[in-house]
Amino acid sequence: MLQVTRAAIPDVKVLVPQRHRDARGFLSQVFDRRALEQAGITAEFVQENHSYSSRVGTVRGLHFQLAPRAQGKLVRVCRGAIYDVALDLRRAAPTFGRHVAVVLSAAEWNQLYIPPGFAHGFCTLEPDTEVLYKLTDFYAPEYERGVRWDDPTLGIDWPAVADVTTLSERDRRWPPLAELQHAFE
């Protein structure tokens, strides 16, 4: 069974797979295409990435890929916790420039589905955090873009623990949303 909740932007969904517990621990079906289809998610995932961050406050993002290589993501945390953000870049959507922020954690066992047309980023809330995310298209560096993670016009309430020293050089260079030359029409 998969519990599904629509986020403030309806195309973004919070998913919680059921855990079957016994004296040994638990078993959980964390990915079931049929359950996702019943939740209205018909994406075909073609790649899975695993991210590890040793420090609390590590910031990664906000990343996206342009069409025709736009990526949807199914994000979950297998150890630790993150403040996960999906920023709507679909210019025609009434939610353009708005975001959804969710705490994903191994303890809560929740996941976030982010469709193509969104930028994605996160900040780690616990040390030694590991994030797994499935993608609907392969990594294509020539289509990769980003939005500045701390653009004040976005109104993202990043945790006070965010540590800018953990930003990659690439993430430091992304433009604010107002200067973004490419988005989703």
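Biologist: Exposed means over 50% relative accessible area, and buried means under 20%. With that settled, is R34 buried or exposed?

Modeller: This is a predicted model, and every value I give you is computed from it. R34 has a relative accessible area of 60%, which is over the 50% cut-off, so the residue is exposed.

Biologist: And what does R34 form a salt bridge with?

Modeller: R34 forms a salt bridge with D32, and the closest N and O atoms of the two are 3.4 Å apart. D32 counts as buried, because its relative accessibility is 18%, whereas R34 is exposed.

Biologist: How many salt bridges turn up in the whole structure?

Modeller: A search of the whole structure gives 10. As background, side chains of opposite charge can pair when their charged atoms come close. One of the salt bridges joins R24 to D22, with the closest N and O atoms 2.4 Å apart. There R24 is exposed at 77% relative accessibility, while D22 is partly exposed at 39%.

Biologist: What about R90, which residue does it form a salt bridge with?

Modeller: R90 pairs with D11, and their closest N and O atoms are 2.6 Å apart. This pair links distant parts of the chain, since R90 is in the loop between β8 and β9 (99-105) and D11 is in the loop between β1 (2-6) and β2 (13-17), 79 residues apart. D11 itself counts as partly exposed, with a relative accessibility of 39%.

Biologist: Which residues are linked with R90 in a network?

Modeller: D11 and D88 are linked with R90 in a network of salt bridges.

Biologist: Changing topic, how many disulfides does the count come to?

Modeller: The count comes to zero.

Biologist: OK, on to the inside. How many residues has the largest nonpolar core?

Modeller: The largest nonpolar core has 21 residues, and those with the most contacts inside it are L62, F64, L89, V147 and W158. The elements that give two or more residues to this core are β6 (59-65), β8 (81-88) and β11 (118-124). Apart from it lies another core, of 18 residues, and V14, V75, L104 and L112 are among them. In soluble globular proteins, nonpolar side chains tend to be buried together.

Biologist: Is E144 buried or exposed?

Modeller: E144 counts as buried, because its relative accessibility is 14%. The residue lies in strand β13 (residues 144-146), and its side chain makes a polar contact with the side chain of R170 at 2.5 Å. Beyond its neighbours within four places in sequence, E144 is in contact with F64, Q65, Y139, R170 and W174.

Biologist: Last topic, aromatics. How many aromatic pairs are there in the whole structure?

Modeller: The search finds five aromatic pairs. One of them is F26 with W109, which is edge-to-face, at 5.1 Å centre to centre and with 75° between the planes. F26 lies in strand β4 (residues 25-28) and W109 in the loop between β9 and β10 (111-114), so the pair ties together parts that are 83 residues apart in sequence. F26 is partly exposed at 40% relative accessibility, while W109 is buried, with a relative accessible area of 11%.

Biologist: And the rings of F31 and F45, how far apart are their centres?

Modeller: Their centres are 6.0 Å apart and their planes are at 80°, so this pair is edge-to-face. F31 is in the loop between β4 and α1 (33-38), and F45 is in the loop between α1 and β5 (47-53), 14 residues apart. F31 is partly exposed at 32% relative accessibility, whereas F45 is buried at 14%.

Biologist: Which residues form one aromatic cluster?

Modeller: Y83, W149 and W158 form one, and W158 is also among the residues with the most contacts inside the largest nonpolar core.

Definitions and conventions:
Residues numbered from 1 in each chain as written. Predicted model: local features only at pLDDT ≥ 70, side-chain atom pairs only at ≥ 80, totals over all residues. Heavy atoms only, no water. Helix = DSSP H or I, 4+ residues; strand = E, 2+ residues; numbered from the N terminus. Buried < 20%, exposed > 50% of the residue type's maximum accessible area, 1.4 Å probe, protein only. Polar contact = N/O pair within 3.5 Å; in protein donor to acceptor, adjacent residues only side chain to side chain. Contact = heavy atoms within 4.5 Å. Core = buried A, V, L, I, M, F, W, Y, C linked by side-chain atoms within 4.5 Å. Salt bridge = Lys/Arg side-chain N within 4 Å of Asp/Glu carboxyl O. Disulfide = S-S within 2.5 Å. Phe/Tyr/Trp six-rings, centres within 6.5 Å; stacked < 30°, edge-to-face > 60°.
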